[in-house]
Amino acid sequence: MQNILIIGAGSAIAKACARRFASAGRHLFLVMRDETALAEQIADLHCRGAGSVAGAALDILDTKKHDQVIRQAQVQLGKIDAILVAHGSLPDQAVCEQNIEATLSAITLNGTATVALLTGLAQLLEQQQSGCLAVITSVAGDRGRESNYVYGCAKAMVSTFLQGLDQRLSKQGIRVIDIKPGFVITPMTEGFNRSGPLWSQPEKIAGIIEPALLHKRGTVYAPGFWRMIMAIICLIPTPLFRKIRL
Amino acid sequence: MTRDTAPLSMLSGWGRYPYCQSQIIQPANQQQLLQLNQSFAGIPRGQGRSYGDSALAGTVLSCKYLDQFIEFDPEHGILTVQAGITLAQILEVIVPQGWFLPVTPGTQFVTVAGAIAADVHGKNHHLAGCFSQHLLSMEMLLGDGSQLRVSPTHNTDLFQATCGGMGLTGIILSATLQLLPIKSSQINQTSVKARSLSDVYALFEQAAESTYSVAWIDCLAKGQQLGRSLLMTGEHAKQGPLANLPQKTLSIPFATPSALLNRFSIKAFNSVYYHRQRKTVAQQAIHYAPFFYPLDRIQHWNRLYGRKGFVQYQFVLPHAAGLLGMEAILKRISDQQQGSFLAVLKQLGPANENLLSFPREGYTLALDFKLQHGLFRFLEQLDQLVLDWGGRIYLAKDARMSQTVFKTSYPNWETFEAVRAQYAATGKYRSTQSVRLGLA
C-alpha cells in the first residue's frame with residue numbers, strides 16, 4: 001500500500017491517518033476544500049516523512065469537478081493502492097428540524113455528493129482492477145435517532161451504497177470498507193460534553209483504519225466495541241425506542 | 001449526545017490543583033485562531049502540562065490543533081513548526097535524521113509554545129541555557145490582531161518578555177529552532193551515589209563539563225544522610241542506532257487514594273531507590289527516552305497523588321547561598337516529612353536576559369507535595385526561606401505563591417508589564433496565576 005488518495009484530508013480523522021501514512025514513507029495525494037490549509041498540510045506531511053505529497057483543492061459539492069481531480073490524483077500517484085474518503089460535516093439537528101435548506105445541504109454534503117464522488121472512484125478502481133476504497137461513515141447511520149437523524153440518514157445512504165459497491169467490486173479483487181466511527185474528539189464535535197469512555201481520539205481511529213486498509217473488507221466499527229453498542233440499539237423494539245431519548 | 005450552547009469544563013494543570021471552570025475555545029486551524037483572537041480574553045493553553053494555574057482562566061484558547069510542521073532543513077537542523085506541536089512529535093521526525101532538541105524538559109508532552117512560555121530548562125542548563133536560547137525566531141499574534149516576527153534581534157523587548165512570559169504577551173503562532181546534531185539516539189549514562197548534600201554538590205562541580213547532569217535526591221533522609229542522592233550524568237553516544245522507541249506506556253486509570261502516599265511508603269521507596277544501585281559508580285548506555293523522560297512511560301502519573309492533587313515546588317538558590325542555604329531548606333523539608341519521592345536537584349548555569357525566566361546561576365530543587373491540611377502554611381515558610389537566601393520559585397510549577405513573594409523575587413516584573421502594555425496584551429491575556437500575582 002504505497003500510493004494513497006485521501007479525500008476530505010483536512011478532517012481530524014483523515015489528518016491523523018495521513019500522519020501515520022507519512023511516517024511510513026507512503027506517497028499521498030490530498031483533496032480538501034481550503035487551498036491554504038491544503039498547502040500547510042502538504043508541508044507538514046512532507047516533514048513527517050511522506051515519500052511524496054501533492055494535492056488539489058476541491059469543494060465536494062462541485063460534482064462537475066470530481067472527475068478532473070480524480071484524474072489529477074491518478075497522474076500524480078500512478079497506480080492508486082488505497083482511497084480514503086473522509087469528508088463530512090455534522091449539522092445542528094435542531095436547526096435542521098426548522099429549516100429545509102439546512103437539512104438538504106447536510107444531506108447533500110454527507111450523502112449525495114459523497115455518492116457522486118464514489119461513482120467516479122469506483123470507475124477508477126475498476127479500471128485498475130485492484131485497490132481498496134475506504135469510506136468514513138458513522139454509527140449514526142445504523143438507526144435513525146432523534147438527536148441526529150438528518151446526519152444519520154445521509155450516512156446510511158452512503159453505507160447502503162457501499163454495500164452494493166462491495167458486492168460489485170469484490171468480483172474484481174477490489175476491497176470496499178465502510179468505516180463507522182463512534183464518538184470522536186474532533187473540531188466537528190466541538191461543543192459536546194466529550195468526557196467518558198465512549199469518546200476516542202482521532203489518533204486511535206487512525207490506528208484502526210491503517211491496518212483495515214491493508215486487509216479488511218466490509219464494515220469496520222472504530223473502535224470495535226461500537227459494533228456491540230449499535231447491535232443493541234438496533235434491537236430495541238420500536239415501541240420502547242419511542243419512549244427513550246437517544 | 002446533545003450540543004451545549006456554552007460548554008464549560010473543569011480544567012486544571014498537571015498538578016490537578018487548582019481546578020477552574022473554563023470555556024475552551026479550540027480553533028481547528030490558524031485562520032480560525034486569527035478570528036477567535038479578536039474577541040478572546042483569557043490565556044492560551046497547549047497540553048496543560050504546567051503544574052499549577054498558569055494555563056487556567058475563565059476562557060482558555062486551546063492551541064492543540066495548531067500542531068503542524070512548517071519546514072525542516074535536515075542539512076542544517078533548522079526546524080519551523082506551528083507552536084502547538086509537542087516535543088514528542090518533533091522527536092519522532094528529527095531523531096532518525098540525526099537531530100535532537102537542544103534543550104528539553106522532563107516530559108516530551110509539552111508544546112513548543114509552552115516550552116517557550118515557561119522558558120524551560122533541561123539537564124544541560126549549565127552549558128546550554130534555556131529553550132529560548134536556541135530559538136531563532138517566532139511569529140506572534142498580538143492582542144490587537146496584528147502579527148509580528150519576534151527574535152533575539154527583532155522586537156527584542158517582546159522576545160524577552162514572551163520567553164518565560166507564561167503566555168501573557170500574546171499567542172505564539174510558529175517558532176523556528178536550531179536543533180542539536182547527534183550521532184546516536186543512545187545516551188551514555190553514569191550514575192554516582194552521593195552520601196550527603198555536600199557530596200552531591202562536589203560531584204556537580206566535578207561534572208561541570210558533562211553535557212547532562214541531574215540528581216535524584218532523597219528529601220526524607222535526615223541527619224548525616226541529609227541530601228543523599230544519585231547524580232546522573234549523560235553524554236550523547238558517538239555511534240549507534242538513530243531510532244525512536246515504540247511508545248509502550250502504563251496508565252494510571254483513576255486517582256488513587258492519596259493515603260497510599262504517606263511518609264512510610266515514600267521513605268521505603270526512596271530507600272529502595274537509593275540502595276538499588278550497589279556500586280558507587282554505575283555506567284550504562286540507554287535510549288534517550290528513559291534518560292530524559294522516565295515518567296512519560298506512566299500516563300496520568302499525576303493521579304497517584306489522589307483526588308485532591310498536588311503541588312510541585314521548585315525553587316532556585318543563587319550561588320551565593322551556597323551549600324548552607326540548600327541545607328537549611330532541605331532540613332526544613334525533611335523535618336516536615338511531607339516530601340515526595342520525586343525530588344530533583346540540578347545545578348543551573350547563568351541566567352539569560354528574559355524578564356521572567358526562572359533559572360539563575362546556582363542550584364534548583366523540585367519536589368512534589370500532595371495536597372493536605374497545613375501544606376500551604378508550610379510552603380509559605382519555605383517561600384520565606386527561599387527569599388531570605390535570594391532565590392525564587394518557578395512560575396510553571398506555581399499554584400499558590402503570593403504577590404509579594406513574586407514581585408520581590410522577580411524584580412523585572414515592572415518592565416514585563418510595560419512591554420505587555422506596549423504590545424496590547426494588558427488585560428487581554430491573563431490567567432488565574434497572573435491575576436493572583438498582581439499582573440494587569
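The expected span of a helix is 1.5 Å multiplied by one less than its number of residues. In this predicted model, helix α5 of chain A, residues 100-128, holds 29 residues and extends 40 Å from its first C-alpha to its last, close to the expected 42 Å. The points below treat this helix, a helix pair in chain A, and backbone features in chains A and B.

**Helix α5 of chain A**
- A kink of about 50° is centred on A:T108 in α5(A).
- The N-terminal end of α5(A) is capped by A:N99, a side-chain oxygen of which lies 2.9 Å from the backbone nitrogen of A:E101.
- After α5(A) comes A:Q129, which has a positive phi near 60°.

**Packing of α1 and α2 in chain A**
- Helix α1 (residues 12-23) and helix α2 (residues 35-47) of chain A pack at about 35°, their axes being 8 Å apart.
- The crossing of α1(A) past α2(A) is right-handed.
- On α1(A), the contact involves A:K15, A:A18, A:R19 and A:A22, and on α2(A) it involves A:Q41, A:D44 and A:L45.
- The residues of this contact comprise three nonpolar, one polar and three charged.
- An α-helix has 3.6 residues a turn, so residues three or four places apart point the same way.

**Backbone features in loops**
- Most residues other than glycine have a negative phi, and most peptide bonds are trans.
- The peptide bond from A:A222 to A:P223 is cis, with omega near -10°, and A:P223 lies in the loop between β9 (218-222) and α8 (225-235) of chain A.
- In chain B, a cis peptide bond with omega of about -10° links B:Y17 to B:P18, and B:P18 is located in the loop between β1 (8-12) and β2 (19-25).
- B:R16, a residue other than glycine, has a positive phi near 60° and is placed in the loop between β1 and β2 of chain B.

How values were computed:
Residues are numbered from 1 along each chain as its sequence is written. Chains are lettered from A and ligands numbered from 1 in the order in which they are written. This is a predicted model: local features need pLDDT of at least 70, side-chain atom pairs count only at pLDDT 80 or more; totals for chains, interfaces and linings use all residues. Side-chain values use heavy atoms; hydrogens and water are left out. Helices (H or I, at least four residues) and strands (E, at least two) are DSSP runs, numbered from the N terminus. The bend at a residue is the angle between axes fitted to the seven residues ending there and the seven starting there. A polar contact is a pair of N or O atoms within 3.5 Å; within protein, one must be able to donate a hydrogen and the other to accept it, and residues adjacent in sequence count only if both atoms are side-chain atoms. Axes are lines fitted to C-alpha atoms, for helices over the stretch in contact, and angles run from 0 to 180 degrees between N-to-C directions. A crossing is left-handed if the near helix is turned anticlockwise from the far one by less than a right angle, and right-handed if clockwise. Contact means heavy atoms within 4.5 Å. Ala, Val, Leu, Ile, Met, Phe, Trp, Tyr, Cys and Pro count as nonpolar, Asp, Glu, Lys and Arg as charged, and the others, Gly among them, as polar.
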